[in-house]
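Subject: A structure for you to look at

Hello! Here is the structure I promised to pass on, and my notes follow below it. Please open it and keep it beside you as you read.

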Amino acid sequence: MVFQQLINGLTVGAVYSLIALGYTMVYGILELINFAHGEIYMLGAYLGIIFFGFFTAAGLTAYSLPLSLLLTLVLSVLFCSAYGFTMEKIAYRPLRNAPRLSPLISAIGMSIFLQNYVMLTQGATDKVFPNLFGSSGFSLFGARITAVQTMIIIVSCIMMVSLHMFVTRTTMGTAMRAVAQDKVMASLLGINIDAVISMTFVIGSGLAAIAGIMIALYYGLVNYSIGYVAGIKAFTAAVLGGIGSIPGAMFGGLFLGFVESMGASYISSEYKDAYAFLILIAVLLIRPAGILGKTTEEKV
Amino acid sequence: MKGLNQFFIVLWFSILFLPFTGIKASLMLFTLLSSCVLLFRVFMKYGKGVREGVRRLRKRMDGVKMNPSTRPIVFSLLAGCLFCLPFIAQNYLLDISILAGIYAILALGLNIVVGFTGLLNLGYVAFYALGAYTYALLNVKVGLGFWQALPLGIGLTGLAGFILGVPALRLKGDYLAIVTLGFGEIVRLVLNNWDSLTNGPNGVSGISPPYLFGMPLGILNRYYYLVLLALIVTYGVVGRVHESKIGRAWIAIREDEISASTMGINTTRYRLYALVFGSLWAGLAGALFAAKMQFVSPESFTFMESVLILSMVILGGLGSLPGVVVGAVILVMLPEVLREVQSYRMIALSVGLIAMMIFRPQGLLGGLAKGR
C-alpha cells in the first residue's frame with residue numbers, strides 16, 4: 001500500500017517537476033512568476049487530444065500507434081513552444097523595465113485569456129483521451145505499475161537529464177546561466193539577451209506540453225481549468241526546491257507528488273489541493289530560498 | 001517590407017489558433033486580422049487628426065485634477081444624482097447599482113494594499129468571504145442581527161489580515177502575491193469542506209436582511225441607501241487616511257522601499273497596517289453581500305473574484321480613489337450592457353489587463369506615478 005502510493009506520487013511528482021522546470025527557468029532569468037505557465041501545460045494536454053484525434057481519424061493510429069503518439073507529442077511541443085514564445089513577446093517583453101507589479105498582472109491576464117480561449121473554442125466540458133494501453137502493466141513488491149506510469153517516469157527522466165545536459169554542456173545553456181547571473185554583464189559579453197529569454201520560454205513551454213500530454217494519458221480526462229491548480233502546485237515545487245535552481249525544481253516536484261499521494265490516502269483527500277498551498281506557505285516563511293536554493297542578499 | 005512582416009505576424013497567429021478553432025474559424029480569423037492590419041495602416045497614414053485627438057485625450061486624462069473650487073459642486077451634483085436614483089430607476093438598475101456599490105467598497109479596500117502600498121494581494125476574496133460567512137453564520141446559527149454581527153465580522157477580517165500579514169510581510173513582492181493567493185484558496189477549500197459549520201458547497205441560506213429601528217432594509221431601494229452610506233463612509237475614511245501620515249508612508253513605500261526605510265519609516269509595520277486596514281473593508285462588503293443575497297456559498301469567492309476586484313483597481317487607476325470606484329462601476333455595468341457577448345467577458349477582461357499594463361499602467365484616472 002505504501003509502495004503503491006510511492007509509485008503514484010512519483011508519477012504525479014514527475015509531471016509537477018516538468019512544469020516546475022519552466023517556472024524556475026523563467027524566474028531564474030527574469031525574476032518573473034510566469035502565471036500563465038500552468039495554462040501552457042493545459043494547452044499541451046488539449047493539443048495532445050486534438051492531434052491524436054486527428055491522426056486517429058486520418059487512420060495513422062490504426063497503422064502505427066507509436067508513430068501516431070510520437071507525431072502528436074512533437075506537434076504539441078512545437079505548438080506549445082510557439083505559444084510560450086508569443087506569450088513572452090506580447091505580455092512580458094514590453095514590460096521588462098516596468099515596475100515589478102506590471103508583468104505579474106499581465107501574466108495573470110494572459111492566464112485568464114488562455115483559459116477562456118480554450119473554454120470558448122473547445123467547450124467547458126471534460127475532454128476524453130482514449131485509453132490506449134488498457135490496464136496493462138506489471139507488479140512490483142505488491143504494487144501495480146501501469147504502462148502509462150512507466151512511460152511517464154521514463155520520459156520525465158529523459159527530459160530532465162537532457163535539460164541538464166543542455167544547460168551545462170551547450171553554448172546556449174551557458175548563455176542562459178550567464179544571463180541568469182547578470183543580465184548587463186552577459187549582454188556586454190555579446191550574448192543576445194532577447195534570444196536567450198525567448199529560448200527559455202520555448203524550452204519551458206515544450207516541457208510543459210510534454211507534461212500535459214502525459215497527464216492526459218494518465219487521467220484520461222482534461223478540462224480547461226486544470227492549468228491553474230497544476231500551475232500553483234508546480235510553482236510550489238519550484239519554490240520548495242529553491243526557485244531558479246533546476247535540480248531543485250526536479251526534487252521539489254517529486255517531493256510534492258509524494259506528499260500529496262500520502263496525504264490524500266492517509267489524512268484526507270478532500271484537502272488534497274490544500275497540501276500544496278500549506279507547504280508553499282510554510283517553505284516561504286521558514287526557508288524562502290528553498291531546500292536546494294542559495295540565499296542571496298538584496299542589492300541596494 | 002513592413003507589410004510583409006505584418007502579414008507573417010497575422011499568419012503566425014492564425015496558425016497558432018488553428019488546432020483549437022479548426023480550419024474555418026482560423027481562416028476567418030486570418031481575414032479579420034488582415035483587414036484590421038490593413039485598416040490600421042490606412043489609419044496610420046491618413047488619420048492624423050484622429051491620432052492628434054487621441055493623444056490630447058490621453059494627456060487630458062492624465063491631468064484629471066479638479067479645481068478645488070468646483071469640487072464641492074461636482075460632488076454635491078453627484079451625491080444628488082445618487083440619492084435620487086431609487087425614485088427614477090427600476091429594480092433591475094437598482095440591483096446592479098447595489099452590486100456596483102459593494103464592489104466599489106471592495107475595490108477601495110484592495111486599493112489600499114495594491115494601489116497605495118504596492119503589495120499585490122491575490123487573495124483579497126478570502127477576506128470578503130470571511131466577512132460574508134461571519135455575518136451569515138452569526139445570523140443563522142446564533143441569531144445576531146446585522147448591526148451586532150457587522151463589527152464582529154469587520155474585526156474578524158482585520159484579525160485575519162493581521163494573522164496573514166505578520167509572517168507574510170517579510171516576503172518580497174512576488175512571493176507575497178503567491179502566499180496571499182494560497183491563503184485565498186485555503187479559505188475557500190475550508191469553507192467548501194467544513195460541512196458541519198459552513199454546510200459545504202451548498203452554502204448558508206436564510207440570512208435575514210438588516211433592520212434599522214425595526215424597519216427591514218431588505219427592500220431594494222432601502223438597501224440601496226444602506227450600501228450608498230457604506231460606500232460614502234468607506235470613501236471618506238480611506239480618503240482621509242490616504243492624506244494622513246500613514247497614507248503618505250504607504251506611498252513612500254510603494255515608490256521606493258529602501259528610501260522610505262532610510263527616511264525612518266518602519267516599512268514592515270506600515271505594510272502590516274495597509275494589509276489589515278485594507279481587509280477591514282472586505283469584511284464590511286462581505287456582510288453587505290451576504291445580507292443582500294440572503295445566501296452565501298463558496299462559489300462566490302473564487303480566485304476569479306479576486307482577479308475581478310484587482311481589475312477594477314487597475315482599470316480605474318492604482319492609487320486613485322475616484323478611479324477605482326469608476327473602475328468598479330464600469331466592470332459591474334459592462335457585462336450587463338453587453339449581455340449578448342457575455343461569454344467573451346473574461347477574454348475582454350484579460351486582454352484589457354494586459355493592454356492596460358502595457359499602454360496605460362496608471363489606469364483610466366491615473367493615480368500611480370509612471371514607471372521608475
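A definition to begin with: helices (H or I, at least four residues) and strands (E, at least two) are DSSP runs, numbered from the N terminus. The model is a predicted one, in which local features need pLDDT of at least 70, side-chain atom pairs count only at pLDDT 80 or more, and totals for chains, interfaces and linings use all residues. Residues are numbered from 1 along each chain as its sequence is written, while chains are lettered from A and ligands numbered from 1 in the order in which they are written.

B:N199 sits in the loop between α8 (195-198) and β1 (204-205) of chain B, and its phi is near 65 degrees, a positive value in a residue other than glycine. A:E31 lies in the loop between α1 (2-30) and α2 of chain A, with a positive phi near 55 degrees. For comparison, most residues other than glycine have a negative phi.

Next, a hairpin in chain A. Strands β2 (residues 137-140) and β3 (residues 143-146) of chain A pair in the antiparallel sense over four bridges; pairing requires that DSSP finds at least two bridges between two strands. A:S139 is opposite A:R144 in β3(A). Two residues separate β2(A) from β3(A) in this hairpin, and A:F141 in the turn has a positive phi of about 50 degrees.

Now for where the chains meet. The contact (C-beta atoms, placed from the backbone, within 7 Å) takes 43 residues from chain A and 35 residues from chain B. On the side of chain A that touches chain B, α2 (37-58), α4 (65-92), α5 (101-122) and α12 (272-286) of chain A each supply at least two residues. Of these, α5(A) gives the most, with 16 residues.

Finally, chain B is divided into domain 1 (2-55) and domain 2 (89-359), with bounds from an automatic or database domain assignment. Their centres, taken over C-alpha atoms, are 39 Å apart.

Enjoy exploring!

Note on methods: Contact = placed C-beta atoms within 7 Å.
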